[in-house]
Amino acid sequence: MSEDETVLVIVDGANVVGSVPDGWWRDRHGAAVGLRDRLVPYAAAGLPGLPGPAEIVLVVEGAARGVGSVAGVRVSPAPGSGDDLIAELAAAAGPDRECVVVTADRGLRQRVEAYGARCVGPRTVRPSSDRER
């Protein structure tokens, strides 16, 4: 399967981590590492309703910039605004590649949908135990 046939999933790290008040603000780096590791299975399996494989890109900013990539999840540190990098990645995907952005940020959703990306909420990549909190 070529890269153009593989769905691109861009995860707004700050928004997804911030969607659950579990103390993430005390250890932003650790919270980003935890999210990255929870995303790994989605590379092969895909997202609910969107079969894999998928190219997973986790966009991080601020204190999470030092988080490294792992097999299945490429971590992209934003040099400035995470939203700006996410919009750039969605635009670069082009009209011929399926792109899904995981975020609840309404402004970002509008920006990436203008490039043809589809958006899903943070609960899409949260384990069921996190959803129940």
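**Notebook: confidence and salt bridges**

Entry 1. I began with the confidence of this predicted model. The mean pLDDT of the chain is 89, and 92% of the residues score at least 70. I then looked up residues 129-133, where the pLDDT is below 50. Beyond near neighbours in sequence, I find 7 contacts for this stretch in the model.

Entry 2. I turned to the salt bridges, of which the structure holds 5. One of them joins the side chains of R36 and D37, with an N to O distance of 2.9 Å. I checked the accessibility of both partners. R36 has 11% relative accessibility and therefore counts as buried, the limit being under 20%. D37, at 39%, counts as partly exposed.

Entry 3. I looked up the pair E55 and R74, whose closest N and O atoms lie 3.1 Å apart in a salt bridge.

Entry 4. Which residue forms a salt bridge with E55 at 2.6 Å between the closest N and O atoms? I find that R97 does. R97 sits in the loop between α3 (82-93) and β6 (99-102), while E55 is in strand β4, 42 residues apart, and the pair again links distant parts of the chain. Both R97 and E55 are buried. I record E55, R74 and R97 as one network, joined by salt bridges that share partners.

How values were computed: Residues are numbered from 1 along each chain as its sequence is written. This is a predicted model: local features need pLDDT of at least 70, side-chain atom pairs count only at pLDDT 80 or more; totals for chains, interfaces and linings use all residues. Side-chain values use heavy atoms; hydrogens and water are left out. pLDDT is the predictor's confidence in each residue, from 0 to 100. Contact means heavy atoms within 4.5 Å. A salt bridge is a side-chain nitrogen of Lys or Arg within 4 Å of a carboxyl oxygen of Asp or Glu. Buried means under 20% relative accessible area, exposed over 50%, partly exposed in between (1.4 Å probe, protein chains only). Helices (H or I, at least four residues) and strands (E, at least two) are DSSP runs, numbered from the N terminus.
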